[in-house]
Amino acid sequence: MPSEFDLIARYFSRGPVQRADVLLGVGDDCALLEVPAGRQLAVSIDTLVEGTHFARDADPRALGHKALAVNLSDLAAMGAEPAWATLALTLPAADESWLAAFAGGFLALAERHGVQLVGGDTTRGPRSITVQVHGFVEPGRALRRDGARAGDLVYVTGTLGDAGLALLAQQGLFVGLGVLDGLRERLDRPTPRLAEGRALAGIASAAIDVSDGLAADLGHVCAASGVGATLFLERLPCSAAVRDYVAGTGDWSVPLAAGDDYELCLTVPAARQAEAEALGATLPAGLHWIGTIERVAGVRLVLPDGGTIDQAPVGYDHFAGDD
Ligand SMILES: [Mg+2]
């Protein structure tokens, strides 16, 4: 296996992004970074392990994208602007074609968002990928989980359930071939909603990215904020494929409880509804009203026929289908 320095230098040190706030990047014992005056540093880290988070034969280019995307999604959920990343790779053997493809996916997404890779480490062992990202946010504007208040409105960006439906398709559910590629793109190459998070920082009262499933992630916001919520299922934004699936099976768990969509779920004070919705109309993923924050703990559901479910399912279970 080439030395740690060789691997990093070959595939990562000539990254496409060179930022002025990086005083010293890859190659020394530490990177030296300059946080802009008057901004706070937002930091997040995430590990993907082979066999747990991705399959041995996963496309390395998609994996490079996803490893960075899930971290950028956490910055988006804080309303932060991304700046830097570090990468720790554990690999069973020197596989240069794997590494080249992985670096290609990683660096292409980094370039799209102006993120410079400023350091890394490689180790021999069972394959795992750890990415840490660093971003900036104005003091007082970070979108924390604990800011939701009774009376706030609940919004979500984009569409829900596409990644979950792609997983079901991988497990044998039939979906039309014309639809499958789009669903797999959502699962394999999620889009971090950075523009949406930035735009709503200072307006939303709380936010989280939907990684575990909407009900679970909104449940995290409610628990941190000491409130509860009601979601209106007919308001959930879904692609045609997910709408068809729900209509055919009655199974709402795909948009409600499947993870991996990496949309943002935000709460907005009623006084700022018009401002948020006007902004939302200009955002790439859009902004959709789906429910309300209430005093009583828990996440409740209102079905399209007006029926209610007192406790939203969390985690990936079928709960309303015929099985
Ligand atoms: Mg998150």
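Helix α4 passes helix α8 in a left-handed crossing, a crossing being left-handed if the near helix is turned anticlockwise from the far one by less than a right angle, and right-handed if clockwise. The model is predicted, so local features need pLDDT of at least 70 and side-chain atom pairs count only at pLDDT 80 or more, while totals for chains, interfaces and linings use all residues. Residues are numbered from 1 along each chain as its sequence is written, and side-chain values use heavy atoms, with hydrogens and water left out.

Helix α4 covers residues 162-170 and helix α8 covers residues 240-249; helices (H or I, at least four residues) and strands (E, at least two) are DSSP runs, numbered from the N terminus. The two helices pack at an angle of about 65°, with their axes 9 Å apart, where axes are lines fitted to C-alpha atoms, for helices over the stretch in contact, and angles run from 0 to 180 degrees between N-to-C directions. Helices α4 and α8 are therefore roughly perpendicular to each other (under 35 degrees counts as roughly parallel, over 145 as roughly antiparallel, 65 to 115 as roughly perpendicular and the rest as oblique). On the α4 side D162, L165 and L168 meet A241, V242 and Y245 of α8, contact meaning heavy atoms within 4.5 Å.

Helix α4 also packs against α5, at an angle of about 115° and with the axes 8 Å apart, which makes α4 roughly perpendicular to α5. This crossing, too, is left-handed. D162 and L165 are among the α4 residues that meet α5, where the partners include L180, L183 and L187.

Elsewhere, α2 and helix α3 (residues 96-112) pack at an angle of about 40°, their axes 6 Å apart, and the crossing of α2 and α3 is right-handed. Residues of α2 such as P60, L63 and L72 take part, with W98, F102 and F106 among those they meet in α3.

The largest pocket has a volume of about 740 Å³. On a 1 Å grid over the protein atoms alone, a pocket is an open set of points where a 1.4 Å probe fits, with protein on both sides within 12 Å along at least five of seven lines, and lining residues have an atom within 4 Å of a point; grid points are joined across faces, edges and corners, and a volume is the space filled by probe spheres set on the points. Of the 25 residues lining this pocket, H53, F54, K66, L187 and D260 are the closest to its centre. Two or more lining residues come from each of β3 (40-49), α2 (60-78), α4 and α5 (177-188), and the largest share, five residues, is that of α2.
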